[in-house]
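I opened this structure to look up two things.

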Amino acid sequence: MSEKTKIVIALGGNALQSKGTAPTAEAQLEVVRRTCEYIAEISGRGYEMALVHGNGPQVGRIILASETAKDVVPPMPFDVCGAMSQGYIGYHLQQALSYALSKRNRNVPVVTLTTQMVVEKADPAFQNPTKPIGGFYTEEEAKKLMEEKGYNMKEDAGRGWRRVVASPLPRKIKEIHAVRELWKDTIVITCGGGGIPVVENADGTTQGVDAVIDKDFAAELLAEQVDADILLILTEVEKVAVNFHKPDQKNLSHMTLAEAGTYIEEGHFAAGSMLPKVEAAMKFVRYNPSKKAIITSLDQAVQALEGRTGTVVTFA
């Protein structure tokens, strides 16, 4: 029997939360149930997989709740809030995906692994926070938060203002051995929210830091480390586009490493939005010239894996 195709799936924010719905656990679970129907369909095609999810809105709300209740209970550190988000998002995915798989008579265990991601203390990202977390605010609300709480706030792709934190590059997955051990017979939800950001100290200890690691870069590192065949990055759009939202918008079915680099130089992809997805795809094919990355929407994931849609990124 031939080896099964191994994929790492990076789930975008729309896989966890729909626009216009209440930011409640119940509303998220409803969206996750729909998401997991697509994931179960991919599993049913015989792929071996691991899942990586974002946590920007969720960790932002956990931090806000913690800070709001500071007069009653001590606020939790940023890294602990990240771990909390891994736990509850993973729980929702586990529950919904297990059910979606059982409906298809697939008895595949699903497990969430609390995952630490080593970053470098000297990463320049700590001097230039760019990663959006939490909800959206008006410009007036954002300025008030900057004054009152000292937050870094930035406008986010025309959708409103959000708090931004440091987003250092992931360097090492602390629990990678466990992921490899579980791989063959388990769907592992790992590196949630990009992983809990930690730094390694000279004495061998690890220490959490205030940051959110981009989940697309975390998924790329995971794909490298498990020797995946495909890095599948799921987002809100079916294909990557140049001149996005302009009259001459052009959707791309394929990009080589060189073409993607040119489009980045020309400024076609927004930071914090499409740019990290394209950069992660490029990094994967640079590391694995014989393999590919695919960027597409959640509802087109199966078709993209079959080569019928999506943007395929290859080395050449």
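**Strand pairing**

I began with strand 16 and strand 17 (residues 311–314), which run antiparallel and are joined by three bridges. Strands here are DSSP E runs of at least two residues, and helices are H or I runs of at least four, numbered from the N terminus. Two strands pair if DSSP finds at least two bridges between them. I looked up one partner: Ile-295 bridges to Thr-311 in strand 17.

The model is predicted, so local features need pLDDT of at least 70 and side-chain atom pairs 80 or more, while totals for chains, interfaces and linings use all residues. Residues are numbered from 1 along each chain as its sequence is written, and side-chain values use heavy atoms, without hydrogens or water.

Next I checked strand 12 (residues 230–235). It pairs with strand 16 in the parallel sense, over six bridges. Thr-235 has Ser-297 of strand 16 as its bridge partner.

How enclosed is strand 16 (residues 292–297)? Five of its six residues are buried, so the rest of the structure largely encloses it. Buried means under 20% relative accessible area, with a 1.4 Å probe and protein chains only.

**Helix contact**

I then turned to helix 7 (residues 257–265) and helix 8 (residues 274–287). Their axes come within 10 Å and cross at roughly 150 degrees. The two helices are therefore roughly antiparallel (angles over 145 degrees). From helix 7, I noted Leu-257, Ala-260, Gly-261 and Ile-264 in the contact (heavy atoms within 4.5 Å). Helix 8 brings Leu-275, Val-278, Glu-279, Met-282, Val-285 and Arg-286.

Methods
Axes are lines fitted to C-alpha atoms, for helices over the stretch in contact, and angles run from 0 to 180 degrees between N-to-C directions. Angles under 35 degrees count as roughly parallel, over 145 as roughly antiparallel, 65 to 115 as roughly perpendicular and the rest as oblique. Buried means under 20% relative accessible area, exposed over 50%, partly exposed in between (1.4 Å probe, protein chains only).
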